[in-house]
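Keep it short and give the cut-offs.

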Amino acid sequence: MDTAGVCQIKPEFILPEKERQLNLNHVSDKDKAAIDRPDETTTGQAPEEAVDSERTEGEDGQSQPKRARGNPKKLKGQNKKRGRTYNHNTSDALCDLLVHVQEGEEVPPCPRKECFGSHNIEEYLRKKPADIGPVCYSFQISGKCSRGLACRFGQSHIAAVSGRNVVDKEKYEQYINKGPHVKNQLEKGVQWALRKKTYNFDLADKLIDSYNRKAVKATPDEINLLVHPGKKTFGAVTDEDIISLRTQEKKKIDWANKLYLASLTTVGNLPFRRICKEFGAEITCGEMAMCSSLLQGMPQEWALMKRHHTEDIFGVQLAANNPHMLVKCGQMLEKECDIDFIDLNLGCPIDWVFKRGGGSGLLIRPKILESCVRNLSTILSIPMTVKARTGAYKDENVTHKLAPQLKEWGASMITIHGRSREQRYTKSADWEYIRQVAINANPVPVFGSGDVLTYDDYKIARETAPEVSGVMLARGALIKPWIFTEIKEARLWDISSKERFDIVKKYVDYGLEHWGSDSRGVENTRKFLLEWLSFLYRYVPVGLLERPPQKINDRPPFYRGRDDLETLMASPAASDWIKLSEMLLGKVPDGFKFIPKHKANSYE
């Protein structure tokens, strides 16, 4: 029997095989029409996924031809036209001016001419859905709930008699005095200036104009000398106001032997990064952000810039297809945000980015790539890094040739994912090639990424490519965020189902703190939790393996766990992920629907 690509489970835990198909219990008829057949991954291959900041096919919102049921060809990318998991009825909400009314305070009048929220607190509390649980995490840690009377865990801080908020003033003052816990909030003034196109980008414009006149023959020092020292202002910009930063004056980061959590689309949100930090991640990076959206002041894109105070080395990743947008974003983010480095995405494989010359498309546009790297590294006082694949095409590796040039252009660090754009996740990562890139890039630090799920994988990767400065973890961290602890302690952790569930519970607490504990925040937390569970279920407990450790591309047969909770957490059915969410966030509301983002995760 051929066991290649099969995760070997002890016989006593194996269950009879059954057909795997999408669970549609929570899907509307309209959405069912948008779903293709789930992925039938061939033995030894991993499904394509939207991780490592490389958004997969489907984010352009265009439909994809349906594939015949008899065709075993593996599906690619994301489900399209998934819609929202839940549509909130704003007429049932309380006016946000009344949400934080405390005991002894008068109810303030609403100054708005048109306000769709309720202004009767007593009536709102009578109609409000029952609390999900007795303990509000936000109130517990800070002494004040950010969602006040709208909180779905309100019995912690809503007085039963008066129906007003209770605040632990001493605890709240101590919490506030510790400083901002979440940084990089988009200020209204900045958003307004971006939308009205009045934000001052003279610094970036002058740098690009000067670079274009100087052309690409300039050295890094010559390009740095195109601008002159001085102080940034918001008024008219003169030569004396322009930044000048020699390479040796830039902020330094010690990259050596660090564990780097990859920029992960959708699932690499702030609550997830907090989990990974607690397990030992040393470098974190926000989800890939489109420069065009940031420059339009879109709140959903700016939300990707948020940083938790525990993230001590934090960067943001940008995607653009030209140096003009990229340099403007670099200037703006360094001024408006607290970040340690900016990473340029050279790996995004999806068509609508690639065909427009962004992401991995920059790998085949060397002149534009040079302008992007030179100018971004010049305008920044913080390190500028790049994240690339081996190349755009599977038989045409180019990054080993680009590495010495990236060093010359000003990149402070290079991360190489050991696959090409065409390969996506269908082949094993090439760590021999990663080593070649590291040798060519020396002395610029190089991180390697691909197929690291255990300490053994990490050890083999470092032995195969001893020249790399560190390892970036993507899918491995999604499947088992405790991998950082395993690597640091050089062990294989047979983590119990209770310990794993406690991690999920902590994620929910962090999610409610981040997105809010009202109905909208609860459902946002549930949505992102379900997306993470579509990876988390792939972990196979060590005690069930015949030959540990688990390999990232091996898929197990159907199996049961050592207890009911372990069995539930191993389920590939989206309906079971919803059950897990209901254990922490209450029953899903009427009209709730969830389609997993990645078809490969949609087994039942």
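Ile350 is found in the loop between β7 and α12 (351-354). Helices (H or I, at least four residues) and strands (E, at least two) are DSSP runs, numbered from the N terminus. Ile350 is buried, with a relative accessible area of 0%. Buried means under 20% relative accessible area, exposed means over 50%, and partly exposed lies in between (1.4 Å probe, protein chains only). Ser360 sits ten residues from Ile350 along the chain, and their C-alpha atoms are separated by 8.7 Å.

This is a predicted model, in which local features need pLDDT of at least 70, side-chain atom pairs count only at pLDDT 80 or more, and totals for chains, interfaces and linings use all residues. Residues are numbered from 1 along each chain as its sequence is written, and side-chain values use heavy atoms, with hydrogens and water left out.

Strand β6 covers residues 314-319. Six of its six residues are buried, so β6 is largely enclosed by the rest of the structure. Phe314, Val316 and Leu318 point one way from β6. Gly315, Gln317 and Ala319 point the other way. Both sets are buried.

Which strands pair with β6? Two strands pair if DSSP finds at least two bridges between them. Strand β3 (residues 284-285) runs parallel to β6, joined by two bridges. Here Cys285 stands opposite Gly315. Strand β4 (residues 289-290) is also parallel to β6, again with two bridges. Ala289 has Leu318 of β6 as its bridge partner. Strand β7 (residues 341-346) pairs with β6 in the parallel sense over four bridges. In that pairing, Leu318 stands opposite Leu344.

β6, helix α11 (residues 323-336) and β7 make a right-handed β-α-β unit. Right-handed means that, with the strands pointing away from the viewer, the path from the first strand over the helix to the second runs clockwise.

**Salt bridges**

A salt bridge is a side-chain nitrogen of Lys or Arg within 4 Å of a carboxyl oxygen of Asp or Glu. The count comes to 30 salt bridges.

| Pair | N to O distance |
|---|---|
| Glu123 and Lys127 | 3.1 Å |
| Lys258 and Asp254 | 3.9 Å |
| Glu566 and Arg562 | 3.0 Å |

How exposed are the partners? Glu123 is partly exposed, at 30% relative accessibility.

Lys258 is buried, at 14% relative accessible area. Asp254 is exposed, at 53%.

Glu566 is buried, with a relative accessible area of 2%. Arg562 is partly exposed, at 37%. Elsewhere, salt bridges that share partners join Lys183, Lys251, Arg307, Asp338 and Asp340 into one network.

**An annotated region**

An unreviewed UniProt entry lists residues 135-160 as "zinc finger region: C3H1-type". UniProt positions are given in the numbering used here, feature names are shortened, and annotations may be inferred rather than shown by experiment. In the model, residues 135-160 are 23% helix and 0% strand. The end C-alpha atoms of this stretch are 15 Å apart.

**Confidence and the whole chain**

pLDDT is the predictor's confidence in each residue, from 0 to 100. The protein averages a pLDDT of 84, and 81% of the residues score at least 70. Where does pLDDT stay under 50? One such stretch is residues 30-51, for which the model has 87 contacts beyond four places in sequence. Residues 53-77 are also below 50, with 81 contacts beyond near neighbours in sequence. Contact means heavy atoms within 4.5 Å.

The protein has 604 residues, of which 56% are buried. Its secondary structure comes to 22 helices and eleven strands. Among contacts between residues at least 6 apart in sequence, 73% join residues at least 24 apart.
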